Amino acid sequence: LTTFTDEARIALDTLSGRAAGLFSPTLRLGVTGLSRAGKTVFISALVHNLLHGGRLPLFEAQKSGRIARAYLEEQPDDAVPRFQYEDHIATLVEQRLWPDSTRAISELRLTIEYESASGWGRMFSAGKLSLDIVDYPGEWLLDLPLLGKSYADFSREAFEMAELPVRTDLSKDWRTLSAAIDADADADEVTARRLADGFAAYLKACKLDDRALSTLPPGRFLMPGDLEGSPALTFAPLPPGEERRARPGSLRAMMERRYEAYKTHVVKPFFREHITRLDRQIVLIDALQALNAGPGAMADLERAVTEILACFRPGRGNFLTDLVSRRIDRILIAATKADHLHHESHDRLQAIVRRLADRAIARANFTGADVDVVAMAAVRATREGTVKQGRETLPVILGTPLAGETIGGQAFDGKTETAIFPGDLPEKVDSVFETSNGHRQDDVDPAIRFVRFRPPKLERTAEGVTLSLPHIRLDRALQFLIGDRLA
Ligand code: GDP
């Protein structure tokens, strides 16, 4: 799978990284999750709260006043785009709109100067930590298993998945197209492109569908980054052939060569250059969307989390994953957007994520890093209140729905604050997961009323100081991800 040069290069990188780390400690934090899970919002809120001394009572270093200063610095990797923090914050804070989502990898360095908690530490430690935040699409991570799969394996699995009942209608056009071509005829670019476009359209339809299906590889078909339209992406799975080896010059041989090129030139370098260097990882998931879409979507999300964890598992006999897992010692699985629920349901959401993570850990046979879970909102767009209905007092959330959002036929203008009764998550965690016969226990429907709210207006103190972005449990996430490195 890998060559000696890969190994030598990573070993050297690691060594020089460690050496540099002795003088100026660094921590590389990977932020991932499938598209729209909340990566951009999470990073923007984390940095904003650290730069502006946000309210973070569960983040010990901040709470005890040991953080002297936090500031952005030039990032260490010149070839990686910078995370556009300033633009994202301007959109969030000034326009009160959500920023553009992650489309490719980016990086940002935040340096924290702190006072060590122990007298001993104060004497010896420089009290400075450079946090390198690396934002990348979860779709790209899920390409790792391809490294162990031949083109024939990849094709067979792609057709098996496409024929599953939940996907048959979405994959129909592409399957019809594939059935009509002769894969053993001479290769031609136009056919290759039609098949690749058809396959990509099917993968995108799965993503956009209300059933909230999670992702199938290749990840770059959904998130091409700078590879849009390049030959490395002009391939697709083909129905199995009669012969064991494709005839040279055939469409099948061409597709196989491009699949191998995708692995060699896209998947492997991404892992070698970025994932093997991470120290910590947060995986964001949109659990509320999956809960609303039903038990099939929950099962699908569980499958995605299982595959993500498997990427960080040691001992797959894969040199790259062994390296990743030796280094990453903490992984946080975080359901964000908890501000769509009343606080009484936050613990329930966290319990559901914990169950999902436990099942994924068991299925992936995961060992190695510490895994924790949290239900949070990186940016809290709502506040809580109550509404009287007859004799009852109902807990509600108040926020400004985005212009164009609707609920029960009512359309919003993006200007008016509205009270919404979101509904409660069920108390019994198991009830939201598929039972063995593939159904949800019929007495529970956890569907919550879900509208997208505008980001909040920032509050000012009596002295006129603008406070940082409000959140829910962002401090808990921070404590787990970096707290020990500021001790
Ligand atoms: P990415 O694709 O993972 O970078 O996802 P984003 O960070 O762009 O988030 C996608 C969308 O989810 C945003 O445009 C928001 O509508 C919503 N969102 C993300 N985080 C939060 C949050 O903490 N609270 C709320 N209310 N909405 C969020």
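What follows is a working chat about the predicted model shown above.

Me: What kind of model is this, and how are residues numbered?
Reply: It is a predicted model, in which local features need pLDDT of at least 70, side-chain atom pairs count only at pLDDT 80 or more, and totals for chains, interfaces and linings use all residues. Residues are numbered from 1 along each chain as its sequence is written, and side-chain values use heavy atoms, with hydrogens and water left out.

Me: How many helices and strands in the protein chain?
Reply: The protein chain has 15 helices and 12 strands. Both are DSSP runs numbered from the N terminus: helices are H or I with at least four residues, strands are E with at least two.

Me: What share of the residues is buried?
Reply: Of the 487 residues in the protein chain, 53% are buried. Buried means under 20% relative accessible area, exposed over 50%, and partly exposed in between, with a 1.4 Å probe and protein chains only.

Me: Now the open sheet. What is the strand order?
Reply: The order is E2-E3-E4-E1-E5-E6-E7, seven strands with mixed pairing. Two strands pair if DSSP finds at least two bridges between them.

Me: Which strands stand at the edges?
Reply: Strand E2 (67-73) and strand E7 (370-375) do; each has a single partner strand, so one side of each has no neighbour in the sheet. From one strand to the next, the twist averages 20 degrees.

Me: In what sense do E1 and E5 pair?
Reply: Strand E1 (residues 26-33) and strand E5 (residues 280-285) pair in the parallel sense, over five bridges. Leu-29 has Arg-280 in E5 as its bridge partner.

Me: Which strands does helix H14 touch?
Reply: Helix H14 (residues 346-363) packs on the sheet and touches E5, strand E6 (330-335) and E7. Contact here means heavy atoms within 4.5 Å. The direction of H14 makes about 150 degrees with that of E7. Axes are lines fitted to C-alpha atoms, for helices over the stretch in contact, and angles run from 0 to 180 degrees between N-to-C directions.

Me: Changing topic. How many aromatic pairs?
Reply: The count comes to 16 aromatic pairs. Rings of Phe, Tyr and Trp (its six-membered ring) pair if their centres lie within 6.5 Å; planes under 30 degrees apart count as stacked, over 60 as edge-to-face and the rest as tilted.

Me: Why does the pair of Tyr-151 and Phe-154 count as tilted?
Reply: Their ring planes are at 45 degrees, with the centres 6.3 Å apart, so the pair is tilted. The two residues are three apart in helix H7 (residues 151-162), which is about one helical turn. Tyr-151 is buried at 4% relative accessibility, and Phe-154 is buried at 4%.

Me: What does Phe-154 form with Phe-199?
Reply: They form an edge-to-face aromatic pair, 6.5 Å centre to centre with 85 degrees between the planes. Phe-154 is in helix H7 and Phe-199 in helix H9 (residues 189-208), so the pair ties together parts 45 residues apart in sequence. Both Phe-154 and Phe-199 are buried. They belong to one aromatic cluster, whose members include Tyr-151, Trp-174 and Tyr-262.

Me: Which ring does the charged end of Arg-220 sit over?
Reply: The ring of Phe-270, at 5.6 Å from its centre. Arg-330 lies over the face of Phe-480, 5.3 Å from the ring centre. A charge sits over a ring if NZ of Lys or CZ of Arg is within 6 Å of the ring centre and within 35 degrees of the ring normal.
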